[in-house]
Amino acid sequence: MRQIIKSDASTGYFPVLYRVGNNPLQTMVYNTVGVYRNNGEVAVDPLTGRPIQVGVGSNLFLGGGDPRWTDLNGDYIIDANDLQVLGNPMPKVSGGFSLYAKYKQWSVNANVSATLFRDVINTSLAGKFEHFKDPLFTGSNSSLSNNGVLVPIDQYNYWKVDGDNATFPNPYNYLNSAIGPYRYNQTLFFEDGSYWKLNNVTVSYTVNRN
């Protein structure tokens, strides 16, 4: 066997492709290419006359305010067959450097490390929107059971009414929350994971021995 798809806790329960000769942690995700502005934008299966649905036989049909996922195999169904290996969590460049400078009796020693050109998934942001999925339910699985509050999302461009050209799907579509518009494994939450880190800085002063 040259490849296997596996999900476990160490990868956030994302499906990860392990393939001989490839880098590890190749996350399989849905390619999100926007949000449907209205029902008329959703592709319709010419054989059934039904719009794209999420899952085989689920009767969960996409509409205005839902994410526009790439139907990779063209069967008008969004399921595991549409997962793609996109992005790369492994940095293309990593390293660091040290700096030492001295002036008279003063000296500075600093250490910097860097990770460049990698993709990360912002699960924290996805979780913020996910809290709005079921606010009317008050059981132990309720969104509101997490600290009893809903975080503000007004600073984000999410779909509100027909015609909106939004970045994020409608978080208030309670009836269709089962489609998982804010599932973590989608390119909607891809971000550049590059960073510079100042590990430590030491400033010294040498006292005159006299």
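Guide: The questions below concern a surface patch, a sheet and a loop residue.
This is a predicted model, in which local features need pLDDT of at least 70, side-chain atom pairs count only at pLDDT 80 or more, and totals for chains, interfaces and linings use all residues. Residues are numbered from 1 along each chain as its sequence is written, and side-chain values use heavy atoms, with hydrogens and water left out.

Visitor: Which strand supplies the largest share of the nonpolar patch?
Guide: The patch covers about 690 Å² and includes Trp106, Val108 and Val201. Strands (DSSP runs of E, at least two residues, numbered from the N terminus) β10 (106-116) and β13 (195-205) each supply at least two of its residues. The largest share, 4 residues, comes from β13.

Visitor: Is Val201 buried, partly exposed or exposed?
Guide: Val201 lies in strand β13. Buried means under 20% relative accessible area, exposed over 50%, and partly exposed in between (1.4 Å probe, protein chains only). Val201 has a relative accessible area of 46%, so this residue is partly exposed.

Visitor: Which strands stand at the edges of the open sheet?
Guide: The sheet has 4 strands in the order β1-β2-β3-β8, with antiparallel pairing. Two strands pair if DSSP finds at least two bridges between them. The strands with a single partner, so that one side of each lacks a neighbour in the sheet, are β1 (3-6) and β8 (84-85).

Visitor: What distance separates the C-alpha atoms of Pro152 and Lys128?
Guide: Pro152 is in the loop between α1 (123-130) and β12 (190-192). Pro152 and Lys128 are 24 residues apart along the chain, and their C-alpha atoms are separated by 8.3 Å.

How values were computed:
Patch = residues over 30% accessible without salt bridge, like charges linked within 9 Å, V, L, I, M, F, W, Y side chains within 5 Å. Areas by Shrake-Rupley, 256 points an atom, 1.4 Å probe, with all protein chains shown as cover. Salt bridge = Lys/Arg side-chain N within 4 Å of Asp/Glu carboxyl O.
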